[in-house]
Amino acid sequence: MKTETRTGDISEVVIDARADLMVGGHDKDEVTAVTDSDDQLTVTQNGSRVVIVSLGDCTVHVPVWAQLFIERANGDCSIRSITSGVKIRAVGGDLSVIDCDEVSVDSVGGDFNSSDLKGQLQVRAVGGDLNASEAHFSGASLNVGGDATLGLEMDEGQSASINAGGDVKVELLGEANARVSIMDSNGRRRQVFGAGSANINVRCGGEAVVVAEDGDASEGEERQQGGFGFNSGEFEATMGEFERNLAEMERNIEQMAKQFSERFSNIGAGVNMDMKLQKAQLKAEAAARKAEANMQRHAAKIEEHARRQAERAARHAERAARHAERAARRGEYGFTDAPQRPATPPAPVQPFAPPPQRSVTDEERMVILRMLQEKKITSEQADQLLAALG
């Protein structure tokens, strides 16, 4: 085990973690980093700025008033009690943020959970589920692979877009004043809260619910379903866009593994590189399996919804036929003495087909082959990486 401590007037901490990372705030003018091996940790200090590079699992304690920058965490990441803002570029596994102020996150490969956030939350992409029900989310666009639960705070004239593979639940914080456009497994509809000065677009594979924090219902809800129809074309386009975001996230994970191997060779430390590459590979495989499971689960949900719609349409047609038959027996034929023909049942809605599995791109294949040529990975590891991405 190795422990590094830096003291002084510290206002900024930057962390680059190649495995799991835990960060907690404390009321001390010092930064302490602990890892499980002597040669896996580097800590440098330049005035009020401390930079930490960890090749193994790492636990860091920083002053609660210091601003925290996390360049990456290849594994899971947990952050607690930071009052001066947290900025995160990429997390390969799950992310948990508790009791922090301003939080900004670019991408998370797994699930993202937050609680007791005091300031604004900005998130761009989450591969798994997002649970930020108490957060004050702000930002132009959010992409989530699974379910999304969040609090949304919108100013007049702002716009926000939320895309999710599963269910979405949004609570409008403060005085609700937004025009909401929803496309989910139930079709398309609009909701207006207050004067509708902000614009919110929600698209998801499951069901979407948008409510106001003060309990006021929306006014003038307008449905655009067209009977029992479900616009699978628009939904497939949305899911295609989301799949591209997931593919970009997987490329980020692969790039992190590549950068790790390059920087590892430059450092020249005596750590088992095979073990590190296998761990990064397992993280990438887990993220890919989770995304695929989410897509299959929500595709099955949409198929079940389409089946129920078809059954409901058939029941309506059957009732219409019975009414027409009873009317014929009573002689209630309107302006003609001929019995009316029973209504023709509408064609059943076709179930949504799951999106095709993604194949490895030429760029990804070239990166792996270069790593193999430079003897940074073995042929067996190259096969495993190709299988995980394919």
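The model is predicted, so local features need pLDDT of at least 70, side-chain atom pairs count only at pLDDT 80 or more, and totals for chains, interfaces and linings use all residues. Residues are numbered from 1 along each chain as its sequence is written, and side-chain values use heavy atoms, with hydrogens and water left out.

Let me begin with strand 8. Strands here are DSSP runs of E with at least two residues, numbered from the N terminus, and two of them pair if DSSP finds at least two bridges between them. Strand 8 (residues 67–73) pairs in the parallel sense with strand 2 (residues 12–17) over six bridges. In that pairing, valine 14 stands opposite phenylalanine 69. Strand 8 also runs parallel to strand 10 (residues 86–91), joined by four bridges; there, isoleucine 70 has isoleucine 88 as its bridge partner.

Next, the backbone. Serine 81, in strand 9 (residues 77–82), has a positive phi near 60°. Aspartate 99, in strand 11 (residues 95–100), has a positive phi near 55°. Serine 81 is buried, at 18% relative accessible area, where buried means under 20%, exposed over 50% and partly exposed in between, with a 1.4 Å probe and protein chains only. Aspartate 99 is partly exposed, at 30%.

Finally, where is glutamine 40 placed? Glutamine 40 sits in the loop between strand 4 (30–35) and strand 5 (41–46). Glutamine 40 counts as buried because its relative accessibility is 7%. A polar atom of its side chain lies 3.5 Å from the backbone nitrogen of glycine 56.

Conventions:
A polar contact is a pair of N or O atoms within 3.5 Å; within protein, one must be able to donate a hydrogen and the other to accept it, and residues adjacent in sequence count only if both atoms are side-chain atoms.
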